[in-house]
Amino acid sequence: MRVLKIFSIAALATLIPTNQQLYAAEGDEAVDDDVIIVTASKRQQGLQQSPIAITVVGEEAIERTKILDIYDLQAIVPTLRVTPLQRSVNTSFTLRGFGNGSNNTGIEPSVGVFIDGVYRSRSASQIGDLPRLDQIEILSGPQSTLFGKNASAGVINVRTKTPSHDFEGKFEAGFGNYNQQVFKGYITNEINDTTAFSLSAGLNTRDGYTESIVGLGDLNTRDRWNVRGQMLFEPTADVTLRLIADMSEIDEVCCTVSSFINGPTAPITQLLGGQVTSDTTPFSYESALNSDPTNKVEDSGFSLQADINFDGFTFVSITAMRTNESGFDNDVDFSSLDVINESANVKIETFTQEFRLTSTGKRKLDWMVGAFIFQEDVTTDDTLFFGDNIRSFFDVLLAAGGAPGLLAGVEGVYGLAPGSFFSSDTSVNTAYTQDNKAYSIFATFDYHISDEFTATFGMSYTNDEKDLTVTQTNTDALSAIDLTNDLTLFGVPIGFIPSLAPAVPILQSFQFLPPMLDFPNSVEDGKSSDSATTWTVRLAYEVNENVNIFATAATGFKATSWNLSRDTLPFMTDQTALIAAGLARGDQRYGTRSAAPEEATVYELGMKTRFEKGAFNITYFDQTIEEFQSSIFIGTGFVLANAGQQSTTGVEFDSVFRPNDNWTLTLAGTFLDPIYDSFAGAQGPSGPIDLTGKKPAGVHETSIVAGIMYDFEFDSGAYGYIRSDYIYESEALLVANLPDDLTREVSTLNASAGVTFNNDVSIQLWVRNLNDDEYFMSGFPTPIQAGSITVYPNQPQTFGATISYEF
């Protein structure tokens with residue numbers, strides 16, 4: 001085990017966002033944790049008694065900090081990082097520095113997201129505005145034993161409110177800068193003594209904050225709505241059925257990019273009459289696209305949960321079906337020249353089924369057994385369209401490089417019409433399908449050695465199978481030529497003619513979209529079949545009614561991920577067979593089709609304490625993922641590779657202190673010592689590099705969230721609050737294949753205040769990024785623009801007011 005270089009403390013359960021322990025009845029000797037019930041172990045259990053590394057964000061914190069979706073959570077949870085990228089469907093989640101699966105449809109996240117017990121496999125179905133939340137549980141570390149596949153880094157578990165038999169409702173209207181308008185509401189009531197319903201809906205719109213310098217529309221708009229209905233049926237005291245149906249849509253322009261480095265191609269763009277954004281003012285929030293991008297996501301589904309109590313145990317069944325469709329059109333050279341555009345459509349259909357049997361009553365041995373079934377079909381296509389200016393762009397680029405007229409000369413050699421290469425009617429369409437079937441069987445046992453001492457053992461077996469197809473239609477005339485064998489002069493390959501040989505690598509560099517080798521084929525079957533057994537061992541000891549300690553060892557598993565991008569390439573190990581089968585061209589490139597499964601291991605030591613005026617929780621962890629699935633964008637597609645081993649030793653801590661009835665002080669933090677124990681062949685700025693012994697990009701060694709809240713009450717009975725939260729993330733390298741001086745450091749202040757009157761009307765004021773903090777969320781090599789770097793700047797200051805009525 002690597003020696004931790006920093007003080008070893010960490011949060012086992014972040015109470016900072018909730019503070020609900022501090023709102024116990026007056027006169028309590030200590031904070032009452034029973035007001036927070038968590039389901040992290042798939043049992044209802046008091047937060048302080050749950051020996052799991054868990055952060056809980058309660059209803060009050062969600063309301064007071066104006067959390068609308070999962071992206072907003074990171075403002076009050078230091079262990080969580082959420083990164084939105086080029087489109088609303090591309091959002092990555094990381095916990096303790098571990099996470100992946102944003103831009104590449106073939107890569108499922110290492111952080112699993114569950115909403116009301118239903119697994120959401122892709123970020124497109126996770127980021128819509130969250131309706132009528134009860135609480136959100138963030139579980140750090142491998143959770144595969146109970147949550148199945150793709151939870152090797154952790155879980156975000158979202159719970160919404162169930163229908164009530166009392167007539168209740170709330171309606172809210174919010175207005176903010178950039179013409180933001182948010183309307184949402186819910187109503188719930190009983191139909192009869194055994195049946196209740198609820199209906200919630202929301203609308204969120206906003207103008208963009210990024211202005212086009214060429215007269216097009218603004219970027220980073222908001223235009224999304226959601227509707228959700230529930231039925232709760234309790235025919236007997238032992239049977240509960242909960243039916244949920246929901247639908248949401250996002251139709252907005254996303255996302256702002258800025259120039260960090262304008263490389264040598266930028267003057268060519270300007271020479272041809274185009275514009276690029278300035279690389280000296282990356283936070284000017286300006287855009288130089290040649291067309292307005294589109295971005296649409298439609299998500300819908302239903303779930304049925306049945307809870308049936310028997311003598312000594314409970315049976316739970318959760319059945320769900322979901323459909324997610326998304327599409328976008330983008331100018332991907334990020335200049336006002338019409339060089340290249342991209343369009344894509346993705347459809348994901350998912351069926352999940354979970355069964356659980358759980359012991360009830362007080363006994364020496366508590367147990368749970370269950371099974372999880374997962375079936376998903378992914379259909380996606382991606383098309384690149386060459387623009388009207390692409391040929392002139394490359395002609396000038398070649399002339400500037402000392403090879404004027406090269407494209408026209410090669411066209412003449414082949415008898416092609418002038419302008420055949422990089423013609424504006426060229427397109428490259430790639431279609432992908434993935435059929436994924438998986439199941440897991442799990443069991444956990446809690447043996448109560450004494451009233452204070454409990455030993456837990458859990459085990460899960462997971463089987464995951466995927467079938468893939470990838471086909472491409474490429475009408476690029478230049479890329480169709482095998483420059484290694486086909487480009488000849490009088491029958492002699494020009495690579496063997498000294499005076500002409502230098503032209504070969506130049507032309508090859510312009511074949512940035514060579515034809516893809518379709519698969520399955522006679523050599524590659526396009527299939528993966530994985531299985532693994534994961535386990536959890538935990539000891540928990542209640543020192544007294546206010547102090548609990550625990551120790552945990554656990555493993556996690558994430559199945560093979562496939563590269564569903566234009567850079568999916570045959571493995572080098574298949575080269576000989578592909579050539580022998582006549583499938584490979586002479587200039588065939590090799591790389592990876594898929595990444596092997598991830599295997600995670602974590603060791604934790606934690607303590608939870610509570611006292612009269614607050615609580616303090618602390619955990620040390622040593623977490624490792626072998627074969628971590630790394631996906632890096634290189635300008636034309638994604639390079640998917642396994643890091644031999646990535647590990648992090650670290651600590652998380654949280655504390656909450658209420659010196660009196662008015663003031664609440666909170667402090668939470670995560671301290672990490674991340675490293676690649678082995679990662680040869682990683683993608684660097686100019687090709688493969690060895691990152692062994694280096695720190696992973698995008699992982700902050702220190703993350704701190706501090707908050708202060710003042711509650712007050714008027715003589716009339718009205719009451720209110722004033723709250724401020726500060727987020728700090730230490731400097732970290734932005735992306736591995738970008739320059740080392742491109743880093744990210746966060747220091748953001750948020751604030752809110754509200755008053756609730758006697759007539760149940762509430763008014764709130766809020767502001768995000770009060771101090772105008774500026775940082776980059778991510779970055780990438782700019783497509784087509786060799787030597788240029790593009791970044792995603794963070795959102796500028798936003799503010800607004802909300803009025804609501806609750807009954």
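Biologist: Where does Pro-520 lie?

Modeller: Pro-520 lies in the loop between helix 6 (503-510) and strand 27 (527-544). Helices (H or I, at least four residues) and strands (E, at least two) are DSSP runs, numbered from the N terminus. Please keep in mind that this is a predicted model, where local features need pLDDT of at least 70, side-chain atom pairs count only at pLDDT 80 or more, and totals for chains, interfaces and linings use all residues. Residues are numbered from 1 along each chain as its sequence is written, and side-chain values use heavy atoms, leaving out hydrogens and water.

Biologist: What kind of peptide bond joins Phe-519 and Pro-520?

Modeller: A cis bond, with omega about 10 degrees. For background, most peptide bonds are trans.

Biologist: Which residues does Leu-468 touch?

Modeller: Both Phe-519 and Pro-520 are on its list, along with Thr-433, Gln-434, Gly-526, Trp-562 and Leu-564, not counting residues up to four places away in sequence. To touch is to be in contact, that is, to have heavy atoms within 4.5 Å. Leu-468 belongs to strand 24 (residues 453-474). From Leu-468 to Phe-519 there are 51 residues in sequence and 7.9 Å in space, C-alpha to C-alpha.

Biologist: Why does Leu-468 count as buried?

Modeller: Buried means under 20% relative accessible area, exposed means over 50%, and partly exposed is in between (1.4 Å probe, protein chains only). Leu-468 has 2% relative accessibility, so it counts as buried. Ala-61, in helix 1 (residues 59-64), also has 2% and therefore counts as buried. Ala-61 and Ile-76 are 15 residues apart in sequence and 9.0 Å apart in space, C-alpha to C-alpha.

Biologist: What makes the pair Cys-254 and Cys-255 a disulfide?

Modeller: A disulfide is a pair of cysteine sulfur atoms within 2.5 Å. The sulfur atoms of Cys-254 and Cys-255 are 1.4 Å apart, so the pair meets that cut-off. A search of the whole structure finds one disulfide. Its two cysteines are both buried, and the peptide bond from Cys-254 to Cys-255 is cis, with omega near 5 degrees. Cys-255 is in the loop between strand 16 (239-251) and strand 17 (258-261).

Biologist: What does the side chain of Arg-81 reach?

Modeller: The backbone oxygen of Met-777, at 3.0 Å. Arg-81 sits in strand 5 (residues 80-84). Among the residues that Arg-81 touches are Gln-74, Phe-93, His-700, Arg-744 and Met-777.

Biologist: What is the phi of Tyr-285?

Modeller: Tyr-285 has a positive phi of about 55 degrees, although it is not a glycine. Most residues other than glycine have a negative phi. Tyr-285 is in the loop between helix 3 (266-271) and strand 18 (286-287), and its 11% relative accessibility makes it buried. Ile-784 also has a positive phi, near 75 degrees. Ile-784 is in the loop between strand 41 (776-781) and strand 42 (789-793), and at 18% relative accessibility it counts as buried.

Biologist: Which residues of helix 5 are buried?

Modeller: In helix 5 (residues 406-413), they are Leu-406, Leu-407, Val-410 and Glu-411. Down the helix axis, these buried residues fall within an arc of 140 degrees, so they line one face of helix 5. The arc is that of the directions from the helix axis to the C-beta atoms. Their cover includes helix 4 (390-400) and helix 6. Just after helix 5, Gly-415 has a positive phi of about 70 degrees.

Biologist: And which residues of helix 4 are buried?

Modeller: Ile-390, Arg-391, Phe-393, Phe-394 and Leu-398. They fall within an arc of 160 degrees, so they line one face of helix 4. These residues pack against helix 3, strand 22 (365-386), helix 5 and helix 6. Just after helix 4, Gly-402 takes a positive phi of about 90 degrees.

How values were computed. A polar contact is a pair of N or O atoms within 3.5 Å; within protein, one must be able to donate a hydrogen and the other to accept it, and residues adjacent in sequence count only if both atoms are side-chain atoms.
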